[in-house]
Amino acid sequence: MLLEPIYESDFLDCSYGFRPGRRTMDAVSQLWSYIQRAPKFYWIIEGDIRGCFDTISHHKLMGLLKHRVGDRDILNLVWMFLKAGVMEEGVVRDSEMGTPQGGIFSPLLANVYLHEMDRFWWEQYGRLSPDQRRRRREAGEGNVRLLRYADDFVLLWNGTKQGAYALKERFATFLRDELHLELSVEKTLVTHADEGFDFLGFHARRCHDYGRPVLIIRPSPKNVEHFKERVRGLTDRAMLSWDAESLVTHLNLYLKGWGYYYRYCSISKLAASLDYFVWGRVLYWLCKKHRRGPREMWRQYVCRMGGRKVIAVPRAEGGLLPAGFIHDIRVQRYPRFRRIPHPYLVADSQPG
C-alpha cells in the first residue's frame, strides 16, 4: 500500500502485469496497432527469462529500492520478507535470492526489478521522437516496441532479421550484466509475424487470406490443449462420485472463465469445436456414471432449450441446468488505444 503509489508514478506504459487498472488484453491489443503495414513491426523477439522470480538478486533489488525509498523501517521490512525463507515439504530453506512466488508482495518487487529493463528500452528506443524514428528507418536501422507482463515480454522490431538477432543479444547482455538474469536460449525466439508467436496464452499471426494482411489472434495451441486436459480431468472416471448437477456446475464455471478470457480474439470457429468436444466428454461421463449406452443417455439428458439441442441435468431446486457453451459468450472488439489513467493521480502525464 505504501510502495505501489510511489512506483506507479515511475513505471512505464509498456508494463502491464500486476498493476492496477491494467489487464492481459491491454498488452495483447497493442499487437494490432504495431503489426500493421505502416509501422511494420514484423520481427518479434519472444523474451523468456529463466527462473525470473527465483533468481532476483536481493542486494541489487534493495539498491534499487533505496534510490526511491528513504524509510529504513520499510526497507528493513522488505529485507526480512526476502530473507524469510521458503518451506518445502515441511523443511524451511533459506532464500539467498529470488522473491517467494505466491507472496502478495512479490509481483510488485518483480516489477521494480524489471523496470530497469523498461528504462533501458525507453532510453535507447522508446523516447525517440517520430522524426528520430523516421531517420533511423531511412538509415537502415530499426525501431523497437516493448510489451511486458511481469517476466513475460516481447520486443517488436521493424528492421532486418539480422538486426532482430542483434537486438536480442543487446537485451540479453543488459539483463545478464545489470540485473543478473539470463534469457532462456531455447525459449527466447526470433520469429516473423507471418510465422506466428505466442504471448500471454494467445497466438498471434499475420495472415494474407483476407484480401490484405491482417493480424489474427487466437488462443495458443498450448492453452487449447490445457483446456482439453482440464475438461478430461473433470469428466474422468475419478469424478463418478459426483452427481450430474455438480459436474455441470463445475464445468460451466471453467467454460465461462475460459471463454471470457478469450472473448476479444478470433475464437468463434474454435469455440464451436471445443463445445463439440465438451459435449462428447459429458456424454461419456454420463454413460460411465449410469452404466448405460449413449443412446439411452441421449434420450434422458438431451433436450431442446432456446431452440437448440443441449445437455441438461435436473437441478436440486427444480428445473434443468444446461451444460455451458463457449460460443454463447459474445465475441467483442477490444477497445483500441484504451487510455489507462493513473490509479493514484487525478491527471497523469507519464511517458507512454
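Here are some friendly notes on this predicted model, point by point.

1. **Ground rules.** This is a predicted model, where local features need pLDDT of at least 70 and side-chain atom pairs count only at pLDDT 80 or more, while totals for chains, interfaces and linings use all residues. Residues are numbered from 1 along each chain as its sequence is written, and side-chain values use heavy atoms, with hydrogens and water left out.

2. **Overall picture.** The chain holds 12 helices and 12 strands; these are DSSP runs numbered from the N terminus, with helices being H or I of at least four residues and strands E of at least two. Its C-alpha trace spans about 70 × 60 × 45 Å along the principal axes. Of its 352 residues, 46% count as buried (under 20% relative accessible area with a 1.4 Å probe, protein chains only; exposed is over 50%, partly exposed in between). Among contacts (heavy atoms within 4.5 Å) with a separation of 6 or more, 66% join residues 24 or more positions apart.

3. The largest nonpolar core has 62 residues, and L31, I35, L156, F199, I217, F227 and I311 have the most contacts inside it. Such a core is a set of buried Ala, Val, Leu, Ile, Met, Phe, Trp, Tyr and Cys residues joined through side-chain atoms within 4.5 Å. Helix α11 (residues 268-290) gives the largest share of this core, 10 residues. A second, separate core has 46 residues, including V78, F120, F171 and F174. Back in the largest core, I217 is one of the residues with the most contacts; leaving aside residues up to four places away in sequence, I217 touches V28, L31, W32, F202, H203, A204, C265 and S266.

4. **Helix α11.** Buried residues of α11 include L274, F277, W279, W285 and C287. Their cover includes α9 (221-234), α10 (244-261), α12 (294-301), β10 (302-305) and β11 (308-314). After α11 comes R291, whose phi is positive, near 55°.

5. **Helix α10.** With 18 residues, α10 reaches 26 Å from its first C-alpha to its last, close to the 26 Å expected. Its buried residues, among them L247, N252, Y254 and W258, pack against β9 (214-219), α9, α11, β11 and β12 (320-322).

6. **A four-stranded sheet.** An open sheet of 4 strands runs in the order β4-β5-β1-β6, with antiparallel pairing; two strands pair if DSSP finds at least two bridges between them. The edge strands, β4 (144-149) and β6 (189-192), each pair on one side only. Strand β1 (residues 43-48) is joined to β6 by 4 bridges, and I45 has V190 in β6 as its bridge partner. Helix α6 (residues 106-126) lies across β4 and β5 (152-157), at about 170° to β4 (axes are lines fitted to C-alpha atoms, for helices over the stretch in contact, with angles from 0 to 180 degrees between N-to-C directions).

7. **Cysteines.** How many disulfides does the structure hold? There are 0, a disulfide being a pair of cysteine sulfur atoms within 2.5 Å. The sulfur of C14 is 15 Å from the closest cysteine sulfur, in C52, so it is too far for a bond.

Technical notes: Expected span 1.5 Å × (residues − 1).
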